[in-house]
Amino acid sequence: MTKPEIGVTEWIHEMKRIPYYAILSGFEPGNIPGVGTFYDFFKRLWAKVDS
């Protein structure tokens with residue numbers, strides 16, 4: 001939320017560099033999921049609905 005223009009990869013780097021961001025995001029510092037995990041989550045969250 002502090003930098004909405006950055007992508008997922010850069011956000012993960014920010015959480016690793018600044019542990020406070022990891023905590024605010026619901027992760028323990030040092031135990032942050034990888035990039036692929038976030039993209040898999042987004043894919044499931046915004047799954048296409050066929051009607």
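Q: Why does aspartate 40 count as partly exposed?
A: In this predicted model, aspartate 40 has a relative accessibility of 33%, and because buried means under 20% relative accessible area, exposed over 50% and partly exposed in between (1.4 Å probe, protein chains only), aspartate 40 counts as partly exposed. Residues are numbered from 1 along each chain as its sequence is written, and side-chain values use heavy atoms, with hydrogens and water left out. Local features need pLDDT of at least 70 and side-chain atom pairs count only at pLDDT 80 or more, whereas totals for chains, interfaces and linings use all residues.

Q: What makes the meeting of arginine 44 and aspartate 40 a salt bridge?
A: A salt bridge is a side-chain nitrogen of Lys or Arg within 4 Å of a carboxyl oxygen of Asp or Glu, and the side chains of arginine 44 and aspartate 40 meet at 3.1 Å, N to O, so they form a salt bridge.

Q: Why is glutamate 14 called buried, and why is arginine 17 called exposed?
A: Glutamate 14 has 3% relative accessibility and therefore counts as buried, while arginine 17, with a relative accessible area of 59%, is exposed. The two form a salt bridge, their closest N and O atoms being 2.4 Å apart.

Q: Why is H1 called oblique to H3?
A: The two helices pack at an angle of about 125 degrees, with their axes 9 Å apart. That angle makes H1 oblique to H3, because angles under 35 degrees count as roughly parallel, over 145 as roughly antiparallel, 65 to 115 as roughly perpendicular and the rest as oblique.

Notes. Axes fitted to C-alpha atoms, helices over the stretch in contact; angles between N-to-C directions. Helix = DSSP H or I, 4+ residues; strand = E, 2+ residues; numbered from the N terminus.
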